[in-house]
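Please take a look at the sequence and the structure shown here. Then use the briefing to find your way around.

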Amino acid sequence: MKILVINGPNLNMLGIREPEIYGNQTYNDLVALISREAEKIGVETEFVQSNHEGALVDAIQSAYNRCDGIIINPAAYTHTSVALLDAVKSVGVPTVEVHISDPDTREEFRKISYIRKACIATVKGKGFAGYIEALHILCDR
Ligand code: DQA
């Protein structure tokens, strides 16, 4: 089983950006955490982080006929991008939306998620542990 883990804009700044919301751990710490869990349960993982919407569309498309699941934190593009929603619909790969914080309890503009309509589940407000939950949701399926 192969899972593609995609992180959107500014998530490369984890550990630096707004630590009171996103914590002190870095993007590399996140990758290490997910990799360790994936290895434990015998799942292959691939990681993409980009600050560019088109690169995220390309990453989603790359999963077509190649990956068994996608874990995606689209970050700010959650709230703006029909292109990411369409990409997930296009490839038909089971996808779980993850957010480190709970955007539904923050500013009004974070309450809309376009991609959610194409996802089998959403995990939010659980910190880095949310990615591990997403991994198990995809594996248990
Ligand atoms: C985020 C929440 C988004 O609203 C925000 O734009 C992010 C990160 C999260 O993981 O909590 O960049 O997706």
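The model is predicted. Two packed helices are described by the angle between their axes and the distance between the axes.

**Helices α2 and α5**

- Start with helix α2, residues 27-40, and helix α5, residues 129-140. Their axes come within 10 Å and cross at roughly 30°. That makes α2 roughly parallel to α5, because angles under 35 degrees count as roughly parallel.
- The crossing of α2 past α5 is right-handed.
- Which residues meet here? From α2 come L30, L33, I34, E37 and A38. From α5 come Y131, I132, L135 and H136.
- Sorted by class, this contact of α2 with α5 has 7 nonpolar, 1 polar and 1 charged residues.

**Helices α3 and α4**

- Helix α3 spans 53-62, and helix α4 spans 82-91. They pack at an angle of about 10°, and their axes are 9 Å apart. That makes α3 roughly parallel to α4.
- On the α3 side, E53, L56, V57, I60 and Q61 take part. They meet A83, L84, A87, V88 and V91 in α4.
- By class, the contact of α3 with α4 has 8 nonpolar, 1 polar and 1 charged residues.

**The loop between β3 and α4**

- Strand β3 covers 69-73, and T78 sits in the loop between β3 and α4. A75 is placed in the loop between β3 and α4 too.
- Is T78 buried or exposed? T78 has 1% relative accessibility, so it counts as buried. The cut-off for buried is under 20%.
- A75 has 12% relative accessibility, so A75 also counts as buried.
- The side chain of T78 reaches the backbone oxygen of A75 at 2.5 Å.
- Look at the backbone of A75 as well. Its phi is near 50°, a positive value in a residue other than glycine.
- T78 also has contacts beyond its neighbours within four places in sequence. They are E97, H99, I112, S113, Y114 and I115.

**S50, in the loop between β2 and α3**

- S50 lies in the loop between β2, residues 44-49, and α3.
- The relative accessible area of S50 is 9%, so S50 is buried.
- A polar atom of the S50 side chain lies 3.0 Å from the backbone nitrogen of H52.
- Not counting residues up to four places away in sequence, S50 touches N7, G8, P9, A55 and L56. One of these, L56, is also among the α3 residues that meet α4.

**D102, in the loop between β4 and β5**

- D102 is in the loop between β4, residues 95-99, and β5, residues 121-124.
- Which residues does D102 touch, not counting those up to four places away in sequence? They are K124 and G125.
- The side chains of D102 and K124 make a polar contact at 3.3 Å.
- D102 and H79 are 23 residues apart along the chain, and their C-alpha atoms are separated by 13 Å.

- N65 lies in the loop between α3 and β3. N65 is not a glycine, yet its phi is positive, at about 60°.
- N65 counts as exposed because its relative accessibility is 72%. The cut-off for exposed is over 50%.
- G23 lies in the loop between α1, residues 19-22, and α2. Its relative accessible area is 23%, so G23 is partly exposed.
- G23 is in contact with G15 and E18, leaving aside its neighbours within four places in sequence.
- Now pair G23 with G127. They are 104 residues apart in sequence, and 7.9 Å apart in space, C-alpha to C-alpha.

**S90, in a helix**

- S90 lies in helix α4. Its relative accessible area is 55%, so S90 is exposed.
- A polar atom of the S90 side chain lies 2.6 Å from the backbone oxygen of D86.
- How many residues apart in sequence are S90 and L135? The count is 45, and the two are 21 Å apart in space, C-alpha to C-alpha.

Methods
Residues numbered from 1 in each chain as written. Predicted model: local features only at pLDDT ≥ 70, side-chain atom pairs only at ≥ 80, totals over all residues. Heavy atoms only, no water. Axes fitted to C-alpha atoms, helices over the stretch in contact; angles between N-to-C directions. Helix = DSSP H or I, 4+ residues; strand = E, 2+ residues; numbered from the N terminus. Parallel < 35°, antiparallel > 145°, perpendicular 65-115°, else oblique. Left-handed = near helix turned anticlockwise from the far one by under 90°. Contact = heavy atoms within 4.5 Å. Nonpolar A, V, L, I, M, F, W, Y, C, P; charged D, E, K, R; others polar. Buried < 20%, exposed > 50% of the residue type's maximum accessible area, 1.4 Å probe, protein only. Polar contact = N/O pair within 3.5 Å; in protein donor to acceptor, adjacent residues only side chain to side chain.
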